[in-house]
Amino acid sequence: MFFLLVAFLQISMGYSPIAAGAASLPITVLMLLFSARSGALAQRIGPRIPLTLGPVIVAAGLLLMTGSTPATRT
């Protein structure tokens, strides 16, 4: 997913390689901060709720990306 996101940002949106990589940094930071807590939560409440909510949140994010338009090239 991360490779495709960076490729999409570069090809379709006109980002430079550095800008595309920097745009994906918040995702990496959030994963580092919350991965241990997510594992503990899944052990406490079971995997069903996190494995249901995760794809729903990803789908909402992808729906938000459908409204993005390619950058104009000057």
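The lining of the largest pocket comprises 20 nonpolar, five polar and no charged residues, where Ala, Val, Leu, Ile, Met, Phe, Trp, Tyr, Cys and Pro count as nonpolar, Asp, Glu, Lys and Arg as charged, and the others, Gly among them, as polar. The structure is a predicted model, in which local features need pLDDT of at least 70, side-chain atom pairs count only at pLDDT 80 or more, and totals for chains, interfaces and linings use all residues. Residues are numbered from 1 along each chain as its sequence is written, and side-chain values use heavy atoms, with hydrogens and water left out.

**Largest pocket**

- The volume of the largest pocket is about 1,000 Å³.
- Of its 25 lining residues, Met1, Ile27, Gly54, Ile57 and Val58 are the closest to the centre.
- A pocket is defined on a 1 Å grid over the protein atoms alone, as an open set of points where a 1.4 Å probe fits, with protein on both sides within 12 Å along at least five of seven lines; lining residues have an atom within 4 Å of a point.
- Grid points are joined across faces, edges and corners, and the volume is the space filled by probe spheres set on the points.
- Helix H1 (2-11), helix H3 (25-45) and helix H4 (48-65) each contribute at least two residues to the lining.

**Overall architecture**

- The protein contains four helices and zero strands; helices (H or I, at least four residues) and strands (E, at least two) are DSSP runs, numbered from the N terminus.
- Along the sequence, the pattern reads α-α-α-α.
- The radius of gyration is 16 Å, whereas a compact globule of 74 residues would have a value near 11 Å; the radius is taken over C-alpha atoms, and the globule rule is 2.2 Å times the number of residues to the power 0.38.
- Taken along the principal axes, the C-alpha atoms fill a box of roughly 55 × 25 × 15 Å.

**Surface and burial**

- The protein exposes about 6,100 Å², of which carbon and sulfur atoms supply 74%; accessible areas come from the Shrake-Rupley method with a 1.4 Å probe, and for residues only the protein chains shown count as cover.
- Buried residues account for 9% of the 74 residues; buried means under 20% relative accessible area, exposed over 50%, and partly exposed in between (1.4 Å probe, protein chains only).

**Helix H1 and the segment before it**

- Leu5, Ala7 and Leu9 are the buried residues of H1, and their cover includes H2, H3 and H4.

- Not counting residues up to four places away in sequence, Phe8 touches Met13, Met65 and Ser68; contact means heavy atoms within 4.5 Å.
- Phe8 and Ser35 lie 27 residues apart along the chain, and their C-alpha atoms are separated by 26 Å.
- Met1 precedes H1 and is exposed, at a relative accessible area of 64%.
- From C-alpha to C-alpha, Met1 and Met31 are 14 Å apart in space, and they are 30 residues apart in sequence.

**Loop between H2 and H3**

- Ser24 is located in the loop between helix H2 (17-23) and H3.
- Ser24 counts as buried because its relative accessibility is 12%.
- Apart from neighbours within four places in sequence, Ser24 is in contact with Leu5 and Val6.

**Helix H4**

- Pro50 lies in helix H4 and is partly exposed, with a relative accessible area of 30%.
- Leaving aside neighbours within four places in sequence, Pro50 contacts Ala42, Ile45 and Pro55.
- The C-alpha atoms of Pro50 and Ala36, 14 residues apart along the chain, are 13 Å apart.
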